[in-house]
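Have a look at the model before reading on.

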Amino acid sequence: VRFRFHFQGNRKTNRLDKPEWFFSYQIARLKEHMRLLDVLLEPSLRLASLLFHASVRLPAGNSSPGGGGALIATEARVRARLVGLDPLAALASSLVQQCAHKVTSDASALQADARLLMLTLSEALSFDA
């Protein structure tokens with residue numbers, strides 16, 4: 001929401017000649033949330049996954065399609081979502097998608113001015129590094 005506020009529409013911060021502003025803004029957001037995600041959320045997700053795995057058990061001898069198959073499938077789906085989740089990577093991906101959308105939205109104006117296009121490409125490559 002804040003990204004859209006600053007970098008879409010008629011705001012002073014939404015300038016084609018300053019692509020470094022929105023790229024820097026996203027890097028600052030990532031750094032701002034890094035500790036929370038790495039130190040607090042990621043271990044909590046790991047613990048939740050372990051607790052879920054320990055608490056969901058198929059009753060002995062109940063392997064019939066109507067008996068426990070649905071429970072196993074549900075457990076597998078939930079565990080796959082929790083175990084492979086990297087909160088920091090998910091946030092970074094979201095921030096990159098916002099930048100990509102911004103550049104895509106500005107594409108026609110950037111194509112009309114080679115200097116602005118090269119500046120934006122240069123900043124995008126620096127952002128990706």
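What follows covers the ring pairs and then a helix.

This is a predicted model, where local features need pLDDT of at least 70, side-chain atom pairs count only at pLDDT 80 or more, and totals for chains, interfaces and linings use all residues. Residues are numbered from 1 along each chain as its sequence is written, and side-chain values use heavy atoms, leaving out hydrogens and water.

Let's start with the rings. Searching the whole structure turns up seven aromatic pairs (Phe, Tyr or six-membered Trp rings with centres within 6.5 Å; planes under 30 degrees apart are stacked, over 60 edge-to-face, the rest tilted). Two of them are set out here.

| Pair | Centre distance | Plane angle | Class |
|---|---|---|---|
| Phe3 and Phe7 | 5.1 Å | 45° | tilted |
| Phe23 and Phe127 | 4.9 Å | 40° | tilted |

Phe23 belongs to helix α2 (residues 19–55) and Phe127 to helix α6 (residues 114–128), so this pair ties together parts 104 residues apart in sequence. Helices here are DSSP runs of H or I with at least four residues, numbered from the N terminus. Both Phe23 and Phe127 are buried, meaning under 20% relative accessible area, with exposed being over 50% (1.4 Å probe, protein chains only). Ring pairs join Phe3, Phe7, Phe22, Phe23, Tyr25 and Phe127 into a cluster.

Now for α4 (residues 87–105), which has 19 residues. Its buried residues are Pro87, Leu88, Leu95, Cys99 and Lys102.

Definitions and conventions
Helix = DSSP H or I, 4+ residues; strand = E, 2+ residues; numbered from the N terminus. Expected span 1.5 Å × (residues − 1).
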